[in-house]
Amino acid sequence: MKKFDFINKWPFHVGVILFSIVADQLTKLWALVRFTNETGAPNHDTINVIGELVRFQLVFNKGAAFSSRPQDLMPFLPPWLFFLLISIVATIVLVWFYKSIDKRDWMSRLGVVMILGGAVGNFIDRMRLQMVVDFIDCDFPDFIMTRFPTFNVADSFVTVGVAIVILSPMILKKIHQEIKNEKNKQVDVSP
C-alpha cells in the first residue's frame, strides 16, 4: 500500500478536483465551438464516436439533474439562487463526509473528491451560462430507455465518484472491517 499512499493525500485530491474542472470546462468549450452557429444556437450536428452507440451532440440543460426544473420545486427562488444554495449545501455535505471518512478508506475519499470536482464543473456552467452544456450522447438497449440522457465530463466524474464510494466497502472489505471493529471497541469502552 505504501507506493499508493499519494492517492490519499490532500494535494492529490486537490489535483483531482482541479483536473476534473479543467477537463470538464475545456470539453464543454470545445462542444460550444464545434456545435453552435454564429448566433450561439446549436447547429444540430452530431459526431458518431462509436456508431450510434456513442456520439457527440450539443444539448443545453436549463434544469437540474436529468433536466428537472428548479422552478417546480421552489417557484419563489430564481433558478441561479436555487443552484447557488444547493451547491453550497452539497459542498458542505461533501466536505463533512470527506472529513468523516477514515483515512484508510482511500477509495471513498477519492470518490467524494471526484463527486465534488464534477459538481463544481456543472456549477460553473449554471452561474456562467444559466444552463449546463451536455454533449455526450449514449444509446443503451431499448428495454432500459430509448437513449440515455445526454451528459458531460462533470457528470461522468460524479457518476464514477458515486460508484467508487458504493464499491469501496466491497473492494476494501478488510479495511472496512478493521474500521468497524475499532468503532465497536470504542463504543464498548465508553461509559
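Reply: A nonpolar core is here a set of buried Ala, Val, Leu, Ile, Met, Phe, Trp, Tyr and Cys residues that are joined through side-chain atoms within 4.5 Å. The model is a predicted one, and its largest nonpolar core holds 32 residues, of which Ala 31, Leu 58, Val 112 and Met 114 touch the most other members. The elements that give two or more residues to this core are helix 1 (10-35), strand 2 (54-61), helix 3 (79-100), helix 4 (106-129), strand 3 (132-138), helix 5 (153-171) and helix 6 (173-189). In soluble globular proteins, nonpolar side chains tend to be buried together.

Turning to two of the contributing helices, the axes of helix 3 and helix 4 come within 10 Å and cross at roughly 165°, and because angles over 145 degrees count as roughly antiparallel, helix 3 is roughly antiparallel to helix 4. Their crossing is left-handed. On the side of helix 3 the contact is made by Trp 80, Phe 83, Leu 84, Ser 87, Thr 91, Leu 94, Phe 97 and Tyr 98, while helix 4 brings residues including Val 112, Ile 115, Leu 116 and Phe 123. The residues of this contact divide into 12 nonpolar, 2 polar and 2 charged.

Beyond helix 4, in the loop between that helix and strand 3, lies Gln 130, which has a positive phi of about 65° although it is not a glycine.

How values were computed
Residues are numbered from 1 along each chain as its sequence is written. This is a predicted model: local features need pLDDT of at least 70, side-chain atom pairs count only at pLDDT 80 or more; totals for chains, interfaces and linings use all residues. Side-chain values use heavy atoms; hydrogens and water are left out. Buried means under 20% relative accessible area, exposed over 50%, partly exposed in between (1.4 Å probe, protein chains only). Helices (H or I, at least four residues) and strands (E, at least two) are DSSP runs, numbered from the N terminus. Axes are lines fitted to C-alpha atoms, for helices over the stretch in contact, and angles run from 0 to 180 degrees between N-to-C directions. Angles under 35 degrees count as roughly parallel, over 145 as roughly antiparallel, 65 to 115 as roughly perpendicular and the rest as oblique. A crossing is left-handed if the near helix is turned anticlockwise from the far one by less than a right angle, and right-handed if clockwise. Contact means heavy atoms within 4.5 Å. Ala, Val, Leu, Ile, Met, Phe, Trp, Tyr, Cys and Pro count as nonpolar, Asp, Glu, Lys and Arg as charged, and the others, Gly among them, as polar.
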